[in-house]
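Please find below a colleague's note on the structure shown here, written for a reader who is meeting it without any background. The points move from the overall layout to individual residues.

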Amino acid sequence: GFMEYGLFRCVFNSSDLNDIEFIYSQYYNKMEYWRFSSSVGKYVGYTEFGVKNAERLNKDASELARRKAEKERYCKHNIDIW
């Protein structure tokens, strides 16, 4: 068997949007194969499969804009609650 999953997380020291990092990672069999980080502003691949997918995703301007917006939509919203 295998397991594939995505993980959304926010790294923060304060509720100021500039101090928040949004990270979305994709895993297969417990190995991270690509990640989007709001600090980097694009996808980064960690395996051969991940590099190919990161290159494909980075060419899609709407995908990058959507992930960049997650910092405010997902992180800021939840940090204000937490």
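**Notes on the predicted model**

1. The chain contains 2 helices and 4 strands, where helices (H or I, at least four residues) and strands (E, at least two) are DSSP runs numbered from the N terminus. Followed along the sequence, these elements come in the pattern β-β-β-β-α-α. The model is a predicted one, in which local features need pLDDT of at least 70 and side-chain atom pairs count only at pLDDT 80 or more, while totals for chains, interfaces and linings use all residues. Residues are numbered from 1 along each chain as its sequence is written, and side-chain values use heavy atoms, with hydrogens and water left out.

2. On overall dimensions, the C-alpha trace of the chain spans about 35 × 30 × 15 Å along its principal axes. The accessible surface of the chain amounts to about 5,500 Å², and 52% of that belongs to carbon and sulfur atoms; such areas come from the Shrake-Rupley method with a 1.4 Å probe, and for residues only the protein chains shown count as cover. Of the 82 residues in the chain, 35% are buried, a term that means under 20% relative accessible area, with exposed meaning over 50% and partly exposed lying in between (1.4 Å probe, protein chains only). Among contacts between residues at least 6 apart in sequence, 33% join residues at least 24 apart, contact being defined as heavy atoms within 4.5 Å.

3. Which cysteines does the disulfide join? The structure holds 1 disulfide, and this bond connects C10 to C75, with an S to S distance of 2.1 Å, against a cut-off that requires the cysteine sulfur atoms to lie within 2.5 Å. The torsion about the S-S bond of C10 and C75 is about -90 degrees, so the disulfide is left-handed. The two partners come from distant parts of the chain, with C10 in strand 1 and C75 in helix 2, 65 residues apart. Both C10 and C75 are buried.

4. The search of the whole structure finds 11 aromatic pairs, counting rings of Phe, Tyr and Trp (its six-membered ring) whose centres lie within 6.5 Å, with planes under 30 degrees apart called stacked, over 60 edge-to-face and the rest tilted. The rings of F8 and Y74 have centres 5.9 Å apart and planes at 50 degrees, so this pair is tilted.

5. F22 lies in strand 2 (residues 20–28) and Y74 in helix 2, so the pair ties together parts that are 52 residues apart in sequence. F22 is buried, with a relative accessible area of 0%. One aromatic cluster takes in F8, F22, Y24, Y33, W34, F36, Y43, F49 and Y74.

6. L57, a residue of helix 1, is buried at a relative accessible area of 11%. Leaving aside neighbours within four places in sequence, L57 is in contact with W34, Y43, E63 and L64.

7. Finally, the loop between strand 2 and strand 3 holds N29 and K30. Most residues other than glycine have a negative phi. N29, however, has a positive phi near 50 degrees, and K30 has a positive phi near 70 degrees. N29 counts as partly exposed at 41% relative accessibility, whereas K30 is exposed at 76%.
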